[in-house]
Amino acid sequence: MQTPPPSPSQTAAKTSSASGDTGAFARQEIVDLKGDVFGYELFDRSVTRQLHTPSSDAELLFNVLSHAVHEDLVNRKLLFINCTHDSLAGGHLDLINPEKVILEIPAIEDDNLDGIEDRQQILQEIRARGFRLAFKDIVLKDCYKSWLPLASFIKFDMGSVPADQIEPLIILAQTRSQAQLIAEKVETADQFALLRGFGIKLFQGYWFAKPVVVVGKTIRPSQANIIQLINLVRQQASTAEIEEVLKRDPTLSFNLLRFINSSGFGMSREITSFRHAVMILGLKKLFRWAVLLMTTSRGDGAPAAIGNTAVVRGRLMELLAAELLPSQDCDDAFVAGVFSLLDVMLSVPLDSALSAISLPQPVVEVLLHRTGPLAPFLDLAEACESANDTAFERAANTLQLSNHQVNLAHLHALAWADSLTA
């Protein structure tokens, strides 16, 4: 039997609080021996999270860089972002300059060996894309030996490492890895002097700087304009045509320029032209950015839970399609799932909504006629939402997918969608 999703009321309660106009983020400096800022670790401090709970989602970057009006938030320094393992598979990483972002990778629960080995491939793929990875000192345990060569940074928590184990642990890290070492939760001058003597060159903690909370106003464009932008991208319209849409919607153009000029995107000079921004981003990345923007924006009067459900559908269909279909069809599966509730989000019949959007034929077929190769994937996604065992079994059998495959993909889709709206 499939894992039941949260009820609509639970989802609405979770996402509605995230649809307000303000967002809060904290940054804490990571400094070098001279006290100069090397980078910042970012934390989510929005009302949807407890005050002292760091963000566990790399999608925090998308929300910071696309929505939040925070001048000089990170001063173009390196960004350290806490990730969940589910979030590492998200398309948001395609929008980020890997030279500017360090992904902090959590340990596997109970140091489970199968879990560690299962995650090794995606960590290697992310490293191959140019991202640097940071791990806690737990990566020095023998069970994580396959991860250790992937580490660019290893962080030592001075609040949890016993004093007599600090030096042996640092020596072990220096012997086994080429990673840069960061001492965190450094709170006294004596700790700093001790660590400096052991060869540590990067530090984080109250002795240097406490986290600074920055609260900013979010600016969200209308979904109608986002959809028009998606339409033009799908039609491979000219840069001039796309530029016209951006000129007509100040909030949409603001979000794009804010994102592309952010530290996470990593431009060497500021981009002030819409045309230049579109050319730099490219159609594929522009499409992904617009879709994510649509799912984190709220339509007039549309319940917040609807957008979340659409995202779960899209991500689930994409993950399931990856088991059976070519990569282009996986992109179509994502689009079909996200747009399957477009009629509810826009309060218009689905055929009317889709008539204004240029979409691949398989997407149109499944949304309007429930035919084509994507139809069983949409059936299965809807069965997961309703916990309809009969429909679930029928759709899963059609695709020859096991309960385990579907359940795992559903859990990943729920986690990914939840982090996008956090």
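Modeller: Gladly! Let's begin with a pair of charged residues: Arg-313 and Glu-382 form a salt bridge, with their closest N and O atoms 3.6 Å apart. Arg-313 belongs to helix α11 (residues 304–321) and Glu-382 to helix α16 (residues 375–386), so this link joins distant parts of the chain, 69 residues apart. Please keep in mind that this is a predicted model.

Colleague: Why is the pair Arg-313 and Glu-382 called a salt bridge?

Modeller: The cut-off for a side-chain nitrogen of Lys or Arg and a carboxyl oxygen of Asp or Glu is within 4 Å. The closest N and O atoms of Arg-313 and Glu-382 are 3.6 Å apart, so the pair qualifies. By this rule the count comes to 12 salt bridges.

Colleague: What makes Arg-313 buried or exposed?

Modeller: Its relative accessible area does. Buried means under 20%, and Arg-313 has 8%, so Arg-313 is buried. Glu-382 has 24%. That value lies between the 20% and 50% cut-offs, so Glu-382 is called partly exposed.

Colleague: Which other residue forms a salt bridge with Glu-382?

Modeller: Arg-370 does, and here the closest N and O atoms are 2.5 Å apart. Arg-370 lies in the loop between α15 (361–369) and α16, while Glu-382 is in helix α16, so the pair ties together parts that are 12 residues apart in sequence. With a relative accessible area of 37%, Arg-370 is partly exposed.

Colleague: How do you know that Asp-157 and Lys-185 form a salt bridge?

Modeller: Use the same test: their closest N and O atoms are 3.4 Å apart, and the cut-off is within 4 Å, so they form one. Lys-185, at 45%, is partly exposed.

Colleague: Which residues are linked in a network of salt bridges?

Modeller: They are Glu-41, Glu-104, Lys-136, Lys-155 and Glu-184.

Colleague: What makes strand β4 largely enclosed?

Modeller: Five of the five residues of β4 (residues 101–105) are buried, so the strand is largely enclosed by the rest of the structure. Val-101, Leu-103 and Ile-105 point one way, Ile-102 and Glu-104 the other way, and all are buried.

Colleague: Why are β4 and β5 said to pair?

Modeller: Pairing needs at least two bridges, and β4 and strand β5 (residues 132–136) have four, so they pair, in the parallel sense. Within this pair, Glu-104 stands opposite Ala-134 in β5. The chain gets from β4 to β5 through helix α3 (residues 113–128), and this β-α-β crossover is right-handed. Strand β3 (residues 78–82) also pairs with β4 in the parallel sense, over four bridges, and Ile-81 stands opposite Leu-103.

Colleague: How do you know that β7 is mostly covered?

Modeller: Four of its five residues are buried. Five bridges join β6 to β7, and these strands run parallel; Lys-155 has Ile-182 in β7 as its bridge partner. The chain crosses from β6 through helix α4 (residues 166–176) to β7 in a right-handed crossover. Three bridges join β7 to β8, again running parallel, and Ala-183 stands opposite Phe-203 in β8.

Colleague: Why is Gln-204 called buried?

Modeller: Gln-204, found in strand β8 (residues 202–204), has 2% relative accessibility, and the limit is under 20%, so it counts as buried. Leaving out residues up to four places away in sequence, Gln-204 touches several residues, including Glu-41, Lys-155 and Glu-184.

Key. Residues are numbered from 1 along each chain as its sequence is written. This is a predicted model: local features need pLDDT of at least 70, side-chain atom pairs count only at pLDDT 80 or more; totals for chains, interfaces and linings use all residues. Side-chain values use heavy atoms; hydrogens and water are left out. Buried means under 20% relative accessible area, exposed over 50%, partly exposed in between (1.4 Å probe, protein chains only). Helices (H or I, at least four residues) and strands (E, at least two) are DSSP runs, numbered from the N terminus. A crossover is right-handed if, with the strands pointing away from the viewer, the path from the first strand over the helix to the second runs clockwise. Contact means heavy atoms within 4.5 Å.
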